[in-house]
Amino acid sequence: DFRDPKLWWDDRENAFMALIGNRAPDGSGQLLLYRSTDAIHWEFLNVLDACRNEYGKMWECPEFFEIGDTAFILTSPQEMQYGGEFQNRHGNMLISGRYDPKTHTFERKEVHAIDFGYDFYATQTLLSPDGRRIMIAWMQAWENSHSMRRDGGRGWVGMTTLPRELTVKDGLLIQTPVRELEACRRNPVRVADYALSGEAAFPGVEGRCIDMTVRVAVPEGASCSRFEMRLAQNEAFRTVFACDMASGTCTFDRSQSGYPNDMLPVRQMQLDADIRELTLRVIVDRYSVEIFVNGGEKVMTSVVDTPRDAQGISFAADGCVNLNIEKYEIEL
């Protein structure tokens, strides 16, 4: 349980730094900070942060970076207790706070999930040449990692997320797909100012390799208790994202997505209550869905095992909403 070193160069130290996952004497995870001038001989500096049996046990795949004056630790706790933001036994966690480079200490401020879907683990970042902080993760959950069906000649198990640009807004970590994806968009389809009440589907709004932005607004004087978006849909299958507009609770349901052995087929995340507007950027690949909510303030990432001929997309509102859609095919 001394593993997963994250290495980076720190100009303030004029040295390499390393953050390594480890188990403390109490059996839970801790993160050890080291320094080296040659990347061969290492000096132990401090325990940067520790679980203390509060968030799971072993903290795998640690990551540390700063954006502005906010420092972030990303890690993947094992054996998490189900509840609140943390819905996977082996999950993901974001810790924000302040880092003092003189004393090599970290002051924890807030703890949140990084991603609220089923499949998001082992996050890592890099700093691009143009200064962007880019994050990528393993799109899989340990508890389901051996459940993917191998029929159909696919010949693979597991994948990674799209790379995501990280920024900070009002102290929150914002995630958006890397801008390079926009160069892969083809064949735009747009639906403008559609008054949705009940169910609807639209010509050309379909597919399994798409980049789609959906904007939902409840008109003045109208009401809507629930909005649904159904992806990868045919007569037998569908994957459903829904938002309870009154409570702000969003759910992702893959109970009909073809995924075998799902113990808890629904994941949820919390937005503000009494939502009047909602923006969703939805990236659907052949066997995955990544949903970026309200400009990337929160994200849900999940694998789906639906047959690829399930191409349908539909929308439903229990009430009245104004719907705008911008959908592109992705070609690489």
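Biologist: Does C61 count as buried or exposed?

Modeller: This is a predicted model, in which local features need pLDDT of at least 70 and side-chain atom pairs count only at pLDDT 80 or more, whereas totals for chains, interfaces and linings use all residues. Residues are numbered from 1 along each chain as its sequence is written, and side-chain values use heavy atoms, with hydrogens and water left out. A residue is called buried under 20% relative accessible area, exposed over 50% and partly exposed in between, with a 1.4 Å probe and protein chains only. C61 has a relative accessibility of 15%, so C61 counts as buried.

Biologist: How many disulfides does the count come to?

Modeller: A disulfide is a covalent bond between the sulfur atoms of two cysteines, and here a pair of cysteine sulfur atoms must lie within 2.5 Å to be counted. The sulfur of C61 has its closest cysteine sulfur in C51, at 15 Å, which is too far for a bond. For the partly exposed C320, at 27% relative accessible area, the closest cysteine sulfur is that of C224, and their 8.1 Å is again too far for a bond. By this rule the number of disulfides is zero.

Biologist: In what order do the strands of the open sheet of four strands stand?

Modeller: Strands of a sheet pair through backbone hydrogen bonds, either parallel or antiparallel. Strands here are DSSP runs (E, at least two residues; helices are H or I, at least four), numbered from the N terminus, and two of them pair if DSSP finds at least two bridges between them. The pairing in this sheet is antiparallel, and the order is β5-β6-β7-β8. Each of the edge strands pairs on one side only, and these are β5 (59–67) and β8 (105–112).

Biologist: Which residue of β6 does F64 stand opposite?

Modeller: β5 and β6, the latter covering residues 70–77, are joined in the antiparallel sense by seven bridges. Across from F64, the residue in β6 is I73.

Biologist: Which loop holds D274, a residue with a positive phi although it is not a glycine?

Modeller: The phi of D274 is about 55°, and at 60% relative accessibility this residue counts as exposed. D274 has its place in the loop between β18 (266–270) and β19 (277–285).

Biologist: What is the relative accessible area of N294?

Modeller: N294 is not a glycine either, and has a positive phi of about 50°. This residue is found in the loop between β20 (288–293) and β21 (298–303). N294 is partly exposed, its relative accessible area being 28%.

Biologist: How many residues apart in sequence are the parts that D1 and R23 tie together?

Modeller: A salt bridge is counted when a side-chain nitrogen of Lys or Arg lies within 4 Å of a carboxyl oxygen of Asp or Glu, and the structure holds 29 salt bridges. In the one between D1 and R23, the closest N and O atoms are 2.7 Å apart. D1 lies in the segment before β1 (2–10) and R23 in strand β2 (residues 15–23), so the distance in sequence between the parts they tie together is 22 residues.

Biologist: Which strand gives the most to the lining of the largest pocket?

Modeller: The largest pocket is lined by 24 residues, of which L172, Q270, L271, E297 and K298 lie nearest its centre. The elements that give two or more residues to this lining are β7 (93–100), β8, β12 (172–177) and β21. With three residues, the strand that gives the most is β12.

Methods
On a 1 Å grid over the protein atoms alone, a cavity is a set of points where a 1.4 Å probe fits but cannot get out, and a pocket is an open set with protein on both sides within 12 Å along at least five of seven lines; lining residues have an atom within 4 Å of a point.
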